[in-house]
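This report covers a single protein chain.

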Amino acid sequence: MSRKKISPHFWLDEFACGCCGASGDKKNIIQLAARLEILRRRWNKPMKIVGGHRCMKSNPHGANNAHHLCKGADIAVDGVSEERVAKAAQAFFTHVTNTQR
């Protein structure tokens with residue numbers, strides 16, 4: 001199977017559910033990847049998608065959370081503490097996605 005690149009640094013399969021491989025709403029994933037590209041430029045370092053879409057089996061109690069809607073991802077940035085990544089992402093995404101809450 002060939003990989004589908006959805007932004008300069010991200011591939012669609014990076015956002016797939018870890019338990020079943022489903023990728024969910026591709027439009028939302030592409031929008032999320034575009035936003036992550038902006039955040040990635042902040043550090044100019046590789047960003048890893050640790051967790052993306054979550055199906056009902058992998059997260060049965062979170063049917064309306066950002067992961068099910070493909071509007072959220074768990075990320076890590078090489079050489080940047082989890083705390084700094086979390087603070088930057090929270091500030092960035094609170095501003096950008098405020099209308100989607």
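## Nonpolar core

A nonpolar core is a set of buried Ala, Val, Leu, Ile, Met, Phe, Trp, Tyr and Cys residues joined through side-chain atoms within 4.5 Å. Buried means under 20% relative accessible area, exposed over 50%, and partly exposed in between, with a 1.4 Å probe and protein chains only. The model is predicted: local features need pLDDT of at least 70 and side-chain atom pairs count only at pLDDT 80 or more, while totals for chains, interfaces and linings use all residues. Residues are numbered from 1 along each chain as its sequence is written, and side-chain values use heavy atoms, leaving out hydrogens and water.

In this model the largest nonpolar core has 20 residues, and F10, F15, L36 and L39 have the most contacts inside it. At least two residues of this core come from each of α1, β1 (47-51), β2 (74-77) and α2 (82-96). α1 gives the largest share, six residues. Nonpolar side chains tend to be buried together in soluble globular proteins.

Contact means heavy atoms within 4.5 Å. Leaving aside residues up to four places away in sequence, L36 touches F10, F15, M47, I49, I75 and F93.

## Overall layout

The protein chain has two helices and two strands, in the order α-β-β-α from the N terminus on. Helices (H or I, at least four residues) and strands (E, at least two) are DSSP runs, numbered from the N terminus.

Of the 101 residues in the protein chain, 38% are buried. Among contacts with a separation of 6 or more, 63% join residues 24 or more positions apart. The accessible surface of the protein chain is about 6500 Å², and 51% of it belongs to carbon and sulfur atoms; accessible areas come from the Shrake-Rupley method with a 1.4 Å probe, and for residues only the protein chains shown count as cover.

## Cysteines

How many disulfides does the structure hold? There are zero, a disulfide being a pair of cysteine sulfur atoms within 2.5 Å. C19 counts as partly exposed because its relative accessibility is 44%. C20 is also partly exposed, at 48%.

## Surroundings of D25

D25 sits in the segment before α1 (26-43). With a relative accessible area of 37%, D25 is partly exposed. A polar atom of the D25 side chain lies 3.0 Å from the backbone nitrogen of K27.

D25 and H53 are 28 residues apart in sequence, and their C-alpha atoms are 8.8 Å apart in space.

Technical notes: Polar contact = N/O pair within 3.5 Å; in protein donor to acceptor, adjacent residues only side chain to side chain.
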